[in-house]
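I opened my notebook and went through this structure piece by piece. Here is what I looked up, in the order I wrote it down.

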Amino acid sequence: MKAQSEELFVCFHVNGEASGRRSNLTIRAEKRERERERESSTGHRCFSVYFSSPIPEVMLEKQLTGHRVDRSICAWFWDQADSFKSFPVIASPTHYLFQIVRDGITFLACTQVEMPPLMAIEFLCRVADVLSDYLGGLNEDLVKDNFIIVYELLDEMIDNGFPLTTEPNILREMIAPPNLVSKMLSVVTGNASNVSDTLPSGTGSCVPWRPTDPKYSSNEVYVDLVEEMDAIVNRDGELVKCEIYGQVQMSSQLAGFPDLTLSFANPSVLEDMRFHPCVRFRPWESHQILSFVPPDGQFKLMSYRVKKLKNTPLYVKPQITSDSGACRVSVLVGIRSDPGKTIESITLSFQLPHCVSSADLSSNHGTVTILSNKTCTWTIGRIPSDKTPCLSGTLALETGLERLHVYPTFKVGFKIMGIALSGLRIEKLDLKTIPPRLYKGFRAQTRAGEFDVRL
């Protein structure tokens, strides 16, 4: 009996230790799981945002989480700027950086965890668009003069590192845009805040981009096709690349809760489409029809690309010969294929090589200007019917150089109203419930994007 008791005691003692070990292992596993959950909860978010001027200097800094990112990361970014100038995503030794550049201002987001790069880049693009809309433009002086508005907008657009409210129409109800009256009141009352005391009416709606019940005496909706042509022409005059980046922009002032459908005559040409959140994806996927409840006011409904175009509306024929320390320049510009509409605002710009000491350039049409930074701009306007615009002149090289070894890249600018060069055409715009006194309008415009002619 005593032996059995001792055996039971030993078994109980051993099993107790075993169960104790299992308990400790379970506790450690639960602890590790909590740590993983805590780490995952800090993922997919930005830690800080910086606005940088071309000088460079930090114009504005916004820390988004409790984890503070030292501003020295900007100094590292500036030191590496030449290497990463065209990179939207940069991996530093300690952080991940995301950048976009708008009108000379660099928008920089910083994080220390893995996150979808497109989320950070899209958020920075939304910030730039909202600021441009609020401030009537985007430059260093406007940002510095409206620090309070910019900080208030950032507070509403991102919460603890996660994008929150980015719809411009809702932001306008939450934060009043700056104007002369509000600035005078802030000086008199000492209250500089433009934040509304009440939430926007669309906050609790299933369509948060639209106010609950807007009212208008006349109902209007306008659609704009805005396209940019990107092209590269090599030294032999061959078209290496030609594609269109386009946007469908809308201006809507419709009462009530309108439901719209927009269809194209040839939607098969579109690629890489991106839609506003108001667009229902299933009708587009099945019938290539845009079905949506529009935001109130101006907004971008969708963007797209049309690739592998065969022709450009203009040709540029540059010719540069150099000998005995001088260069002879001749550039012809003309219409390659008539788009059926007038080509306006034609410009040609290029950077003179550093080895050029002086330049004497003139044209038979338009004006030629050479800035102190050696940027030459030829403003043509429209192509005349009686002659081909020609830029000609000489470039003097620095002492000791016989020939020009570095050739410039010519950048072409133009604008064509009333036509989309991609060939995209709007077929119809319908409303399920047609309000009284409805006005609809359509426009199209194509302008030059990155149109480069290389030598």
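**Entry 1**

I began with Lys374, which lies in the loop between E19 and strand E20 (375-381). Helices (H or I, at least four residues) and strands (E, at least two) are DSSP runs, numbered from the N terminus. What I have is a predicted model, where local features need pLDDT of at least 70, side-chain atom pairs count only at pLDDT 80 or more, and totals for chains, interfaces and linings use all residues. Residues are numbered from 1 along each chain as its sequence is written, and side-chain values use heavy atoms, with hydrogens and water left out.

Back to Lys374: its phi is near 70 degrees, a positive value in a residue other than glycine. Lys374 counts as partly exposed because its relative accessibility is 25%. I noted the cut-offs: buried means under 20% relative accessible area, exposed over 50%, partly exposed in between (1.4 Å probe, protein chains only).

I found Gln288 in the loop between helix H8 (281-287) and strand E13 (289-292). Its relative accessible area is 31%, so Gln288 is partly exposed.

Which peptide bond is cis, with omega near 5 degrees? I found that it runs from Ile55 to Pro56. Pro56 sits in the loop between strand E1 (48-52) and strand E2 (58-63).

**Entry 1: the whole chain**

I then stepped back and found 8 helices and 24 strands in the protein chain. Of its 455 residues, 40% are buried. Among contacts with a separation of 6 or more, 68% are between residues 24 or more positions apart; contact means heavy atoms within 4.5 Å.

I traced an open sheet of 9 strands in the order E11-E14-E9-E8-E24-E22-E17-E20-E19, and its pairing is mixed. Two strands pair if DSSP finds at least two bridges between them. Which strands stand at the edges? They are strand E11 (271-275) and strand E19 (367-370), each with a single partner strand, so one side of each has no neighbour in the sheet. From one strand to the next, the twist averages 15 degrees. For such angles, axes are lines fitted to C-alpha atoms, for helices over the stretch in contact, and angles run from 0 to 180 degrees between N-to-C directions.

Inside this sheet I looked at E8 and E9, which pair in the antiparallel sense over 14 bridges. Glu220 has Gln253 in E9 as its bridge partner.

I also traced an open sheet of 4 strands, ordered E15-E16-E21-E18, with antiparallel pairing. Strand E15 (314-323) and strand E18 (356-363) are at its edges with a single partner strand each, so one side of each is left without a neighbour in the sheet. E15 pairs with strand E16 (residues 326-335) in the antiparallel sense over 10 bridges, and Tyr315 stands opposite Gly334 in E16.

The side chains of Asp224 and Arg443 are joined by a polar contact of 3.0 Å. (A polar contact is a pair of N or O atoms within 3.5 Å; within protein, one must be able to donate a hydrogen and the other to accept it, and residues adjacent in sequence count only if both atoms are side-chain atoms.)

Not counting residues up to four places away in sequence, Asp224 touches Gln247, Val248, Gln249 and Arg443. I followed that to Gln247, which is in strand E9 (residues 239-253). Gln247 counts as buried because its relative accessibility is 17%. Its side chain makes a polar contact with the side chain of Tyr245 (3.4 Å).

**Entry 2: the nonpolar core**

I checked the largest nonpolar core, which has 62 residues. Such a core is a set of buried Ala, Val, Leu, Ile, Met, Phe, Trp, Tyr and Cys residues joined through side-chain atoms within 4.5 Å. Val248, Leu290, Phe292, Leu301, Val331 and Phe414 touch the most other members. E8 gives the most to this core, with 6 residues.
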